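Please walk through the salt bridges of this structure. The text below takes them pair by pair.

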Amino acid sequence: MSPDPGAHILVIAKEPVPGKVKTRLTPPCTPHEAAALAGAALEDTLRTVARVPAAHRVIALDGIPGPWLPPGFTVLPQRGGGLDERLAAAFDDAHRISPAPIVLIGMDTPQVSAGLLADAVKSLGTHDAVFGPATDGGFWLLGLRDPDPGLLLGVPMSEPTTGEIQLNRLREAGLSVARMPHLTDVDTMADAVEVAALAPRSRFAAALAGTAVLR
């Protein structure tokens, strides 16, 4: 069965500019190597999203679109201060395009498959929310059948308990939640090596192999 194409898939991302992305990888990477890894991860993610049937494909972007952006995406500027505000605003802005369920992911899981994203979209046909926990305690995916920015505002981000708090927020709101598998976000060099091994043919794996760190 094909996933319901009535949902949006929303990617929240930063323009891969040296010194502004993947700073936890420097060192051992140079700022330009870290930006190349971020750009490759973003391109892998967007190309995977492009293969999943959806009503709209949207990127909430901090920065300016580049050649890494495939056709068929609506670009929205990020707004808000903290990450919780930016995620909430991205849901709100995407929902204004048309009132439909939304599956949101970041740019730090280039190993994600089209099948996993299709499963997340399909889950919103039978659940109020879908949640993808990350191995670092955060989350890599959040889907909402009826997007409500209030479900994210005030959730402390980038903490070991972020995912647990966000999941509890969904359940306390009385939502039925489908769970996705754990995935590893690329934050550290160890994460990068692990993820590249999981997706050896990805642009991300090729970018990592090209760094001086692994030569």
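Is Asp128 buried, partly exposed or exposed? Asp128 is partly exposed, at a relative accessible area of 23%; here buried means under 20% relative accessible area, exposed over 50%, and partly exposed in between, with a 1.4 Å probe and protein chains only. The model is predicted: local features need pLDDT of at least 70 and side-chain atom pairs count only at pLDDT 80 or more, while totals for chains, interfaces and linings use all residues. Residues are numbered from 1 along each chain as its sequence is written, and side-chain values use heavy atoms, with hydrogens and water left out.

Asp128 forms a salt bridge with Arg145 through their side chains, at 3.7 Å from N to O. The term stands for a side-chain nitrogen of Lys or Arg within 4 Å of a carboxyl oxygen of Asp or Glu. Arg145 is also partly exposed, at 28% relative accessibility.

Across the whole structure, eight salt bridges are found. One of them joins the side chains of Asp93 and Arg79 at 2.8 Å, N to O. Asp93 belongs to helix H2 (residues 83-97) and Arg79 to the loop between strand E3 (73-77) and H2, so this pair ties together parts 14 residues apart in sequence. Helices (H or I, at least four residues) and strands (E, at least two) are DSSP runs numbered from the N terminus. Asp93 is buried at 15% relative accessibility, whereas Arg79 is partly exposed at 40%.

Helix H2 also holds Asp92 and Arg96, four residues and about one helical turn apart. Their side chains meet in a salt bridge of 3.2 Å, N to O. Asp92 is partly exposed at 23%, and Arg96 is exposed at 63%.
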